[in-house]
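Please keep the 3D view open as you read.

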Amino acid sequence: MLLSSIYTFLWCFTNCFFFNVSCSTSEFRLEGDYLLGGLFALHEIDLVTPVFNPETTECFRHNFSKSGYQMMQVMRFAVEEINNSTTLLPNVSLGYELFDHCSNTRNFHSVLSFISKNGSINPKEKLNNYQPKVIALTGPYGSPRAISVAPLITMDLIPMVNYGASSYVLSNKLQYPSYVRTLPSNKDLIKMIIHIIQWFGWNWVAFLGSQQDLDGLNLFNKYIRNTSICLAFQEGLSLNANYSQTLKKIDELNINVIVIFALPQYATKIIKAAIANNIQDKVWIASQHWSMNKQLPSEPGIRKIGTIIGITENLLSLPGFNEFVYGHNDRAESEVQGKSKICNQVCDYCSLLTAEEIINENPTLSFAIYSAIYTIAHALHIVLHCDMDECHKNIMVKPYMLLEEIRKLDFLLIGRHIKYDDNFDPTISFAVVLWRTDVNPPQFKIVGSYENHLEIYFTMDNSLLLWHNGSVPFSNCSVECEAGYSRKPEGFHSCCFSCEKCPPNTYVIFSRDPYTCFPCAENEWSDEGSTTCKTRSVVYPQFTEIPSIIVMFSAACLIILLIAVFWLFAYNYNTPVVKSAGGSICLLMLASLILSSISVFFFFGKPTSVFCLLRNGIFAFFFTVCISCLTVRSFQIVCVFKMAAQFPKAHSLWVKHNGQWLFIAFSSFINLFFCVVWMTVDPVKVIADSWTYKDQIMLICEMGNTTAFAIVLFISWFLGFLCLLFSYMGRDLPKNYNEAKSITFSLILYSLTWIAYFTAYLTIKSKYIIIFNAVAQLTSINAILFSYFIPKSYVIIFQPQKNTPAYFQTSIQTYTQTISRS
């Protein structure tokens with residue numbers, strides 16, 4: 001292949017410069033002070049066949065391209081306009097040599113001509129000595145062609161100001177140091193296409209390009225990597241590819257959005273194949289190469305294939321171009337009639353085109369060509385130190401001098417800024433056009449714009465879009481999940497998924513990760529299928545709540561009443577009622593009940609570790625002391641009236657050694673010991689109950705050391721059992737000494753209260769269970785107070801006649817007589 005190319009170069013070059021050909025001035029050649037080169041595809045090769053012999057390509061033997069000829073006229077118009085200007089290059093004329101460049105591998109004679117000096121090429125000559133034929137050139141059309149010839153041009157730093165090659169590879173200044181382009185690169189075009197796809201929410205697309213130029217496909221794959229777009233189908237096409245098979249695969253995959261990033265000859269074949277294969281209701285996104293194609297919109301049956309959206313540069317009309325074309329057409333007819341020869345080209349159809357055909361041809365690249373010539377002219381203006389009157393023509397202009405100035409250019413051309421970045425790429429200004437194939441003749445309607453000047457500005461007017469089915473087409477692998485549903489991947493593509501509802505206390509947020517149900521934080525909650533978490537309310541019995549106020553008020557009244565009873569019993573300490581109630585033991589019981597009542601106040605407000613210790617520890621210890629006193633008191637009554645007679649020695653030892661106090665002290669010490677163990681070994685602490693209620697966090701005090709707690713509870717209940725047993729034994733004692741009923745009632749109430757509390761504690765989870773705990777303590781205290789102390793207080797205050805030794809002696813005698821008779 002390399003040898004074939006070398007033979008081709010030599011043959012072409014020899015043919016151009018060593019054969020004597022008679023020439024006349026034509027539209028392909030213009031004399032001037034400085035010569036520009038132009039490469040235009042006046043003919044297109046439909047089918048590329050392998051060649052095994054060195055030969056050049058004769059462009060005129062292939063299909064004529066109207067658009068290529070129109071592009072050439074834009075360059076001629078720009079040169080003529082500059083030559084007629086009195087300000088840009090005064091007293092300087094530009095000339096040109098234009099060539100038909102239809103092949104990217106066997107069409108190099110034009111390039112060799114441009115870089116020659118006096119008919120020869122000397123690659124080893126230094127740049128500051130070498131003066132090629134042209135100072136700059138524009139073209140060729142198409143990235144493969146530009147990439148093929150660019151190394152020959154850029155090795156001498158000749159500015160290659162291109163109008164029709166958008167490959168991003170050409171932005172690499174290490175490989176193509178003098179390559180300048182006036183149309184955006186594929187990188188910007190691909191970004192624009194992605195913006196359109198994202199605008200309508202599509203994610204299931206096909207991308208068709210050409211095998212010779214995979215730049216667009218590679219960039220598309222690169223830039224959709226971090227988006228929601230999936231490339232469902234991709235293919236690099238050749239001119240002899242099976243387009244019907246390609247379209248059939250796309251239809252089978254239910255892809256409704258197809259990007260065609262290819263030159264017009266490829267796009268034409270694809271669209272015609274779609275019409276022939278009855279492909280319907282698709283969205284076709286046309287790249288800049290064919291978005292303004294004039295022939296395809298009139299193709300019969302094109303309306304049924306769907307909606308075609310094209311991307312093009314913001315179109316600017318060229319003032320005076322139409323007049324130039326009409327004048328050119330008259331001269332071309334004269335040349336045909338005079339049978340003048342064209343030394344460097346053969347173009348049989350060029351002069352047959354009417355002015356209307358040229359003017360109505362695809363204008364997509366017109367401004368790009370126009371600005372390319374003006375870029376060269378402005379750079380030359382600076383190099384020649386031109387002013388309003390003249391340019392210094394004595395300056396030896398080298399191509400690399402122009403290149404240096406092009407980098408600095410910033411000028412207005414028909415209202416648009418012409419400026420280049422470090423890669424010699426221009427500023428971005430795209431338009432989105434809709435193919436109106438429903439009108440006759442077909443029209444191109446601008447429906448959106450895309451600009452990138454420091455920031456990206458993209459807009460689309462949805463009201464101007466006429467979709468084939470009346471609404472925005474659906475082109476997604478899966479229907480988007482509803483809010484609160486996460487995606488479950490299905491298959492290879494990330495766009496294909498099923499939807500699952502997020503469970504309670506989780507949430508899904510698409511902007512973060514649509515595939516994951518994230519757990520809520522500990523202080524948050526959510527319902528099933530949520531997109532956010534709500535903050536849990538922290539609950540505990542507060543001081544200001546009505547139930548809390550009632551309980552605390554009751555506790556305060558109880559303490560006052562207990563203090564009053566304590567004072568009453570202390571004041572009447574030596575009376576028979578107080579003596580019979582237990583005397584000093586009675587006062588100890590009242591003191592214990594008073595201290596037990598204080599624990600109620602630690603149940604309210606935000607719980608702390610100290611509050612948790614005090615609310616249960618105080619009551620557990622002091623109430624057990626009271627129960628032990630009550631047990632001793634019951635035992636003493638039975639002992640005096642029954643055991644003294646039956647077991648006199650045991651009774652004397654009990655009285656002699658103050659057995660009642662020893663028992664109280666011993667039981668209190670044991671209780672205190674296990675209370676301390678309970679509160680210090682794995683102590684009671686605050687826990688946040690976040691599992692009982694989804695929307696609440698209850699601050700509760702945990703049980704602490706369960707073994708110690710069970711022992712403390714056992715001591716209290718065991719003493720209560722003994723107390724009930726002794727009370728039952730003394731049920732038939734004298735009335736004034738018979739406290740069995742009151743003790744029994746108080747202990748039964750105490751037992752039932754705590755059974756009810758523990759039952760509720762195990763079955764009900766609420767902050768009010770804490771208040772129930774406080775109520776249980778108050779009920780236990782009230783049971784002893786009102787069953788044991790209040791009746792005696794009533795006698796002391798309201799029946800003083802019963803609070804005498806004589807009254808009590810009479811009761812004892814009556815009981816003794818009753819026992820004797822029985």
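## Disulfides across the structure

This is a predicted model, and a search of the whole structure finds nine disulfides in it. Three of these links are described below.

Let's begin with Cys-230 and Cys-495, whose sulfur atoms lie 2.1 Å apart in a disulfide. This pair links distant parts of the chain, 265 residues apart: Cys-230 sits in strand S10 (residues 230-237), while Cys-495 belongs to the loop between strand S19 (485-489) and strand S20 (497-501). The link of Cys-230 and Cys-495 is right-handed, with 100° about the S-S bond. Both Cys-230 and Cys-495 are buried.

Cys-481 lies in the loop between strand S18 (455-460) and S19, and Cys-499 in strand S20, so the pair ties together parts that are 18 residues apart in sequence.

Next comes the disulfide of Cys-612 and Cys-701, S to S 1.8 Å. This link is left-handed, with -70° about the S-S bond. It connects distant parts of the chain, 89 residues apart, with Cys-612 in helix H16 (residues 609-646) and Cys-701 in strand S27 (residues 696-701). Cys-612 is buried, with a relative accessible area of 0%, and Cys-701 counts as buried at 15%.

Cys-629 counts as buried, at 0% relative accessibility.

## Helices H13 and H15

Now for the helix pair. The axes of helix H13 (residues 546-571) and helix H15 (residues 584-598) come within 9 Å and cross at roughly 165°. H13 and H15 are therefore roughly antiparallel to each other, and H13 passes H15 in a left-handed crossing.

Which residues make the contact? From H13 they include Leu-558, Leu-562, Phe-566 and Phe-569, and from H15 they include Leu-587, Leu-590, Ile-594 and Ser-597. The residues of the contact of H13 with H15 divide into 15 nonpolar, one polar and no charged.

Definitions and conventions. Residues numbered from 1 in each chain as written. Predicted model: local features only at pLDDT ≥ 70, side-chain atom pairs only at ≥ 80, totals over all residues. Heavy atoms only, no water. Axes fitted to C-alpha atoms, helices over the stretch in contact; angles between N-to-C directions. Helix = DSSP H or I, 4+ residues; strand = E, 2+ residues; numbered from the N terminus. Parallel < 35°, antiparallel > 145°, perpendicular 65-115°, else oblique. Left-handed = near helix turned anticlockwise from the far one by under 90°. Contact = heavy atoms within 4.5 Å. Nonpolar A, V, L, I, M, F, W, Y, C, P; charged D, E, K, R; others polar. Disulfide = S-S within 2.5 Å. Buried < 20%, exposed > 50% of the residue type's maximum accessible area, 1.4 Å probe, protein only.
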